[in-house]
Amino acid sequence: MSVTPSPGPITPTVPGSRVDGFLLARSPLGWLVRWIAGIQASVRVKLLSAFLLIACLIIAVGVISVQLLASMDRHSRSLDQAHERVHWSQQIEHALALQMHYTAMALVLKDETSIARILRENNRFNDTLARIEGAAPRDELTLIQQVRSAQEDAMGVVADIANLIREQKLEDAMEALVTREDPLYRKIEGLVRQVVALEQQRMENLRESFAAANRRSLLVMAGFAALAIVLALLFGFVISWSFILPVQEAHGFLSQVAAGNFGVTVRVANRDEFGALAENMNRMSTELQRLDEQQKRAAGELRSLNERLGAASRAKSEFLASMSHELRTPLNAILGFIELILDDLYGDVPPALREPLADVQTNATHLLRLINDVLDLSKIEAGRMELVPADYAVTDVLETVRASLRSLAAEKGLDFVVSAPPDLPLAHGDGKRITQCLLNLAGNAIKFTKHGQVAIAAEVQGETLRYCVSDTGIGIPADQLDNVFAEFRQVDATVAHEYGGTGLGLSITKKFVELHGGRIRVESEPGKGSTFSFEVPLRVGDGRDT
């Protein structure tokens, strides 16, 4: 299969790729690979078929080997038989020599024992000749018949010689031996030698045939084994590349998809699991392209929305900063006039009016604090909040916080404890903002604590200044700890309704601490109080801003 668009023909990327590429592109193996890939069968069936073909080759090699061994066994038996016939022919020759010897001895010894030996050797001669005759070819049968006929004549002469010896006619017996028996023996001897020569020649021919058959068997076996190896390699090459090609193309497809090109598709030549996989990859590519286009449209819309939201946020922050400033000016005037009235600068204030005026002063002060919080938050979000670092005494900051909140704590009957080591060094930072952070944390602690105490502590840890505000108030659930520093957020609506507040104090405190290069954390448990602590560098660098 191939990936669309494709830069060119498929090139193998495995070891030996030049040879494989040549075989795939310039030989019929490439067509065979594509034909195997196009067969409508599962990968399992194709692999099993390949294994079956290789198994058949192994079986064929075994069958050929068995046939060659059987042929060699037949040749070996034929050679053994030829050797045995040669041995028989040599026995005939030996028996003939013994006959001639015993015949001569019969004339010398003049006894029946020698004649009996002649007859025994004659029987052995005839038995062995019969064995040779039973396995002799046609051209040898005539020669054997001549031997048999001459042997019968010789035995007739031997009988005559034996009778002459019994009759004490030794001269006649000697004449019969010389004139009749000896020529027959020599004739038989010549014929037997021919038989021996023929049998030996047959054995040599069989030996040469056996050696040639062995050579042919070895050549056939080696050739067939080499052919089986070549066929097995070809089968392995074809079946493996019918699987490797789609895998390579799938790798190329996935590489392009990983690079972000979701428009590619895979053209399938395989009609097996690889083909089904390629079809699924094509559907995946189409779906990815659709999702990519959808995501790009959504990203464009989101960027546009973020730009509008950013502009709206900046406009909101600038508006809040401007409005907070404009609201704070008349509110300061109102607080000033109320303070003058309560100080009796405009005459005695009737007791009936003093309490309402005090309430107006309290609420106006609270309103001013909220406006200041909004102004600080808007400056931070607008990027216009800057720290004013200077040396400050930590004890002065703690005393300012204690003086500002002790009356509020006393009204609720709370113990208000401020502690710090006497040898605290001077710190460098925006002391006003640190004071504001402690006022926010301690004010919240007093507000959410009905009984018990609120404690403020400070200590130096190396080059870090650590402030801690703890209380015995209502506490914060564990699932709400991540939200306590969010803007305009409180633990829940019940707390907001009962205790009031806008939820800006902790958010502003966190931002001031981070402007100092510090961090703030909270530990709390419902019903057991809360502990807020923040750490800032003992010496904050100048010019730190948002």
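The model is predicted. Leu-47, Leu-48 and Phe-51 make up a nonpolar surface patch. Helix α2 crosses helix α6 at roughly 60°. Helix α12 is mostly covered.

**Surface patch**

- Three residues, Leu-47, Leu-48 and Phe-51, share about 290 Å² of accessible area.
- Phe-51 belongs to helix α3, which spans residues 43–109.
- The relative accessible area of Phe-51 is 54%. Exposed means over 50%, so Phe-51 counts as exposed.

**Helix pair α2 and α6**

- Two packed helices are described by the angle between their axes and the distance between the axes.
- Helix α2 covers residues 28–38, and helix α6 covers residues 170–258.
- Their axes come within 9 Å and cross at roughly 60°. That angle makes α2 oblique to α6.
- The crossing of α2 past α6 is right-handed.

**Helix α12**

- Helix α12 runs over residues 505–515, and eight of its 11 residues are buried.
- Among the buried residues of α12 are Gly-505, Leu-506, Ser-507 and Ile-508. Thr-509, Phe-512, Val-513 and Leu-515 are buried too.
- Gly-517 follows α12 and has a positive phi, near 80°.

**Ile-446 in helix α10**

- Ile-446 sits in helix α10, which spans residues 431–447.
- The relative accessibility of Ile-446 is 0%. Buried means under 20%, so Ile-446 counts as buried.
- Ile-446 and Thr-472 are 26 residues apart in sequence. In space, their C-alpha atoms are 9.3 Å apart.

Key: Residues numbered from 1 in each chain as written. Predicted model: local features only at pLDDT ≥ 70, side-chain atom pairs only at ≥ 80, totals over all residues. Heavy atoms only, no water. Patch = residues over 30% accessible without salt bridge, like charges linked within 9 Å, V, L, I, M, F, W, Y side chains within 5 Å. Areas by Shrake-Rupley, 256 points an atom, 1.4 Å probe, with all protein chains shown as cover. Salt bridge = Lys/Arg side-chain N within 4 Å of Asp/Glu carboxyl O. Helix = DSSP H or I, 4+ residues; strand = E, 2+ residues; numbered from the N terminus. Buried < 20%, exposed > 50% of the residue type's maximum accessible area, 1.4 Å probe, protein only. Axes fitted to C-alpha atoms, helices over the stretch in contact; angles between N-to-C directions. Parallel < 35°, antiparallel > 145°, perpendicular 65-115°, else oblique. Left-handed = near helix turned anticlockwise from the far one by under 90°.
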